[in-house]
2 protein chains.
Amino acid sequence: MKVIQSTQNQYVKTARQLKNKKFRQKSGLFLLEGTRLICEAINAGYPLEYAFVSDEIDEELVAQLCGCCETYLVSPQLLLTITETENPQGIAAVARQRTVDLSEMVPTSEEDLLMIADGVQDPGNLGTIIRTADAAGAAGIILTATTVDLYNSKTVRASMGSILRTKLAANQSPAKVTQWLASYGYKIIVGHVGAQRYYYQVDYSGKVAIVVGNENSGPSEDFKTAGVPVKIPCRTESLNVSIAAAVLLYEKVRKGSV
Amino acid sequence: MKVIQSTQNQYVKTARQLKNKKFRQKSGLFLLEGTRLICEAINAGYPLEYAFVSDEIDEELVAQLCGCCETYLVSPQLLLTITETENPQGIAAVARQRTVDLSEMVPTSEEDLLMIADGVQDPGNLGTIIRTADAAGAAGIILTATTVDLYNSKTVRASMGSILRTKLAANQSPAKVTQWLASYGYKIIVGHVGAQRYYYQVDYSGKVAIVVGNENSGPSEDFKTAGVPVKIPCRTESLNVSIAAAVLLYEKVRKGSV
């Protein structure tokens, strides 16, 4: 294994710059930190560019990692200059972003479930939505252009690896997505505090797309007009957007199972 | 309004020390940051000890605050030494912790709903659970002794003010709580990945207590033995604990409403 000692090494500099959204977008790369995420990436066959490990890491994992990509030995101090978490557990990897076009989301089942995040702003919320959609069996997740960057480190961590396993389409326009969904016969169920009907009063059979919107302003007009707005009973002003997404996703799951 | 200029002022020092859990526990105080939380506290008549404002704050809010507690004018720089958020919006207040005994949680309805957090470790998750339980109409929230400190600033923020409005019993033992719940005829529904039954296959009628446990090890044996363990369909390894709590809470809500 090659050793890197300089903080000015090109790989180290690139990895460090991945904290910056513009650099992530320009390079098409993002950073994975910690053993759990990197094991997930290896198991999912996710494309890794190169990795950094410090002495603390278990040999078996290092061997697996070396089989996937170029792996460099660095000091724990050098690793901390790259990572955002306080405890990266001695391991980080640079991975290639992998989103798909809508054309690759074509439904494969009559009960297909899609999740749509339309302008969600908090990276942790977006990561939790991706994790929950994956858990609920969603075939894919679509993000509109006003949604926070998918490859933000907080989103990646909160997704608990689901970002590496699920089909993701990013930067979409609400108008285009609603058209596409309609063309495939999706029912669009839109979480919206101003809706007339409660979420459990509508039909979830067939192909369903669940939409949640911005934490403050909710989903965009395109979705509210094209879809069925539903509300969730709520004694308080609102629910966290990842909670709203979960309640709607699981309504589809439970109706299909009961 | 009195002005404080010194970082060594006793009120400022106390407020700053509230970042420390031990000091919070010893003093019985905690810190509220930002206009939204402080407006919630004023509206809920929550006991505030004293507050700090900088020039940026709107006069009406300052007037309201002065009617509630001693309010000091500080510089934005001094305020930042007190607060944990990057943008405290020019306002912070020291509030008194207010938890209740189980004896104050006696059910008042045959459809009473309680939320129990048994060893939840992440402050943000706990805050989101409190917010969701409040939204779902829970009469109270019970935290076992292994749960993260309720007055952690991240918990307070994630609760979006629900921490100021809901009945909270903290530091409880699982054995005592299960006994107490049984004595009032509560059905105890326990989220557990190893359960046999799905969450939508059990009866939620009558008084219900929903239990979620530690992010890694789940709920304690006392709850699993005394209650009905239920699982949530999940393609991934697990759900975020606040998501699991929401799915179970809303199963009670929807079953009572459909």
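**Pocket, rings and a helix**

Mentor: Start with the second largest pocket: α2 (21–27), β7 (140–144) and β8 (168–172) of chain A each supply at least two residues of its lining. Keep in mind that this is a predicted model.

Trainee: Which element gives the most to that lining?
Mentor: β8(A), with 3 residues.

Trainee: How many residues line the second largest pocket, and which lie nearest its centre?
Mentor: The lining has 18 residues. Nearest the centre are A:Q25, A:D149, A:L150, A:A170 and A:N171.

Trainee: And what's the volume of the second largest pocket?
Mentor: About 280 Å³.

Trainee: Switching to rings. How many aromatic pairs are there over all chains?
Mentor: A search of the whole structure gives 21. Take B:F52 and B:Y72: their centres are 6.3 Å apart, with 35° between the planes, and the pair is tilted.

Trainee: Where do B:F52 and B:Y72 lie?
Mentor: B:F52 is in strand β3 (residues 48–53) of chain B, and B:Y72 is in strand β4 (residues 70–73) of chain B. The pair therefore ties together parts that are 20 residues apart in sequence.

Trainee: Is B:F52 buried or exposed? What about B:Y72, buried or exposed?
Mentor: B:F52 has 0% relative accessibility, so it counts as buried. B:Y72 is at 5%, so it counts as buried too.

Trainee: Why is the pair of B:W180 and B:Y186 stacked?
Mentor: Because their planes are at 25°, and under 30 degrees counts as stacked. The ring centres of B:W180 and B:Y186 are 6.1 Å apart. Both B:W180 and B:Y186 are buried.

Trainee: Back to chain A. Which residues form one aromatic cluster?
Mentor: A:Y11, A:Y50, A:F52 and A:Y72.

Trainee: What sits over the ring of A:Y198?
Mentor: The charged end of A:K231, 4.7 Å from the ring centre. In chain B, the charged end of B:K231 sits over the ring of B:Y198, 4.7 Å from its centre.

Trainee: Last topic, helix α6 of chain B. How many residues does it have, and what does it reach?
Mentor: α6 (residues 123–135) of chain B has 13 residues. From first C-alpha to last, α6(B) reaches 18 Å, close to the 18 Å expected at 1.5 Å a residue.

Trainee: How many residues of α6(B) are buried?
Mentor: 12 of its 13, so α6(B) is mostly covered. Among the buried residues are B:P123, B:R131 and B:D134.

Note on methods:
Residues numbered from 1 in each chain as written. Chains lettered and ligands numbered in written order. Predicted model: local features only at pLDDT ≥ 70, side-chain atom pairs only at ≥ 80, totals over all residues. Heavy atoms only, no water. Phe/Tyr/Trp six-rings, centres within 6.5 Å; stacked < 30°, edge-to-face > 60°. Helix = DSSP H or I, 4+ residues; strand = E, 2+ residues; numbered from the N terminus. Buried < 20%, exposed > 50% of the residue type's maximum accessible area, 1.4 Å probe, protein only. Lys NZ or Arg CZ within 6 Å of the ring centre and 35° of its normal. 1 Å grid on protein atoms, 1.4 Å probe; cavity = no way out; pocket = protein on both sides within 12 Å on 5 of 7 lines; lining within 4 Å. Points joined across faces, edges and corners; volume = space filled by probe spheres on them. Expected span 1.5 Å × (residues − 1).
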